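Thanks, everyone. Let me walk you through one structure. Please have a look at it before I start.

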Amino acid sequence: MKKIYLIAPILVVLIISCVTIGPGGKKGIIFIGTEDEITIGKEVVKDVESQETVLNNTTVQNYVDNVGQKLANVCDRKDLKYTFKVLDSDEINAFACPGGFIYIYKGLMKEMDNEAQLAAVLGHEVGHIVARHSMQRLQAVYGYQILMEVALGGKLGKTAQAMVDATAGMILLGYGRENEYDADEMGVLYEKKAGYNPKGMIQLFGKFKQMEGNPPSTFEKLFSTHPPAQDRIGNANIVIDRIGGTNLPYYESEFTAIKALLQ
Ligand SMILES: [Zn+2]
């Protein structure tokens, strides 16, 4: 009798948390609930915004958020409010915090030529959130502790701060190749669904490939944590061949006007 009593709440949590964790309807068990993910994400955001400067330009911020929302609207995860912000640094990078908080550096935007390329990066980051890549990693490290806290109290407690610290490090280190390819696949798909030419992703990887040959110092992070550009081009092209959309526009003129506002 006692045994059943202890096991029952865990089963309930596991059953209701079988969710999308990758492209093509890939499912998995996530026992960190959305509410807890948002709580962890907000703490990571505090860290990010204490270390980086959010670009002080409403026109640029609104434009990027608007493009981001188009991708969020077509993505496979709707239990979150997604936000997109530009950071005022020439670093060539972008990242996603748990809970839907996405950041792109001004330096990466300066390398782009059109809105489809921007949508490719934002779609890739939305993909990481949809697939709950950081939550999967946290579960792998803190699985037993999380399970026990959820089973005993129904809420995350003392493990939370340790998870916030681990997440901040993880975002900077990247998620590993398999997760990056999954995020690329979702990014290409969301890009097309939002009305952009998915070849924007290929154009962007072409730029990364050039930089790999002669990396600027600001490219180091992205260069070291993501798979080689040539491999990403190959994988993304396979997805594009399947989904189509190469007749869709790249939207160049408005992007060019926004890019002129970046110094
Ligand atoms: Zn990534």
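Start in strand 5, where Phe101 is the bridge partner of Cys97. A word on what we are looking at: this is a predicted model, so local features need pLDDT of at least 70, side-chain atom pairs count only at pLDDT 80 or more, and totals for chains, interfaces and linings use all residues. Residues are numbered from 1 along each chain as its sequence is written. Helices (H or I, at least four residues) and strands (E, at least two) are DSSP runs, numbered from the N terminus.

Now the overview. The protein chain has 12 helices and five strands. Of its 263 residues, 40% are buried. Buried means 20 or more other C-beta atoms within 10 Å of the residue's own; exposed means 12 or fewer, and partly exposed is in between, with C-beta atoms placed from the backbone.

Strand 4 (residues 94-97) and strand 5 (residues 101-105) pair in the antiparallel sense, over four bridges. Pairing requires that DSSP finds at least two bridges between two strands. Three residues sit between the two strands, and Gly99 in that turn has a positive phi of about 90 degrees.

Angles here run from 0 to 180 degrees between N-to-C directions, and axes are lines fitted to C-alpha atoms, for helices over the stretch in contact. Strand 3 and strand 5 pair in the parallel sense over five bridges. There, Lys85 has Tyr103 of strand 5 as its bridge partner.

On to the core. A nonpolar core is a set of buried Ala, Val, Leu, Ile, Met, Phe, Trp, Tyr and Cys residues joined through C-beta atoms within 7 Å. The largest one has 61 residues, and Ile104, Ala119, Leu122 and Val126 touch the most other members. Helix 5 (residues 115-130) gives the most to this core, nine residues. Leaving out residues up to four places away in sequence, Val126 touches Leu71, Ala72, Cys75, Tyr82, Ile102 and Tyr190.

Last, helix 9 (residues 199-213). Its buried residues include Met201, Leu204 and Phe208. The buried residues of helix 9 pack against helix 5, helix 8 (177-193) and helix 11 (229-243). How do helix 5 and helix 9 meet, and at what angle do their axes cross? The axes come within 8 Å and cross at roughly 85 degrees. So helix 5 is roughly perpendicular to helix 9. Helix 5 makes this contact with Ala116, Gln117, Ala119, Ala120 and Val121, and helix 9 with Gly200, Met201, Gln203 and Leu204. For that angle wording, under 35 degrees is roughly parallel, over 145 roughly antiparallel, 65 to 115 roughly perpendicular and the rest oblique.

How values were computed: Two residues are in contact if their C-beta atoms, placed from the backbone, lie within 7 Å.
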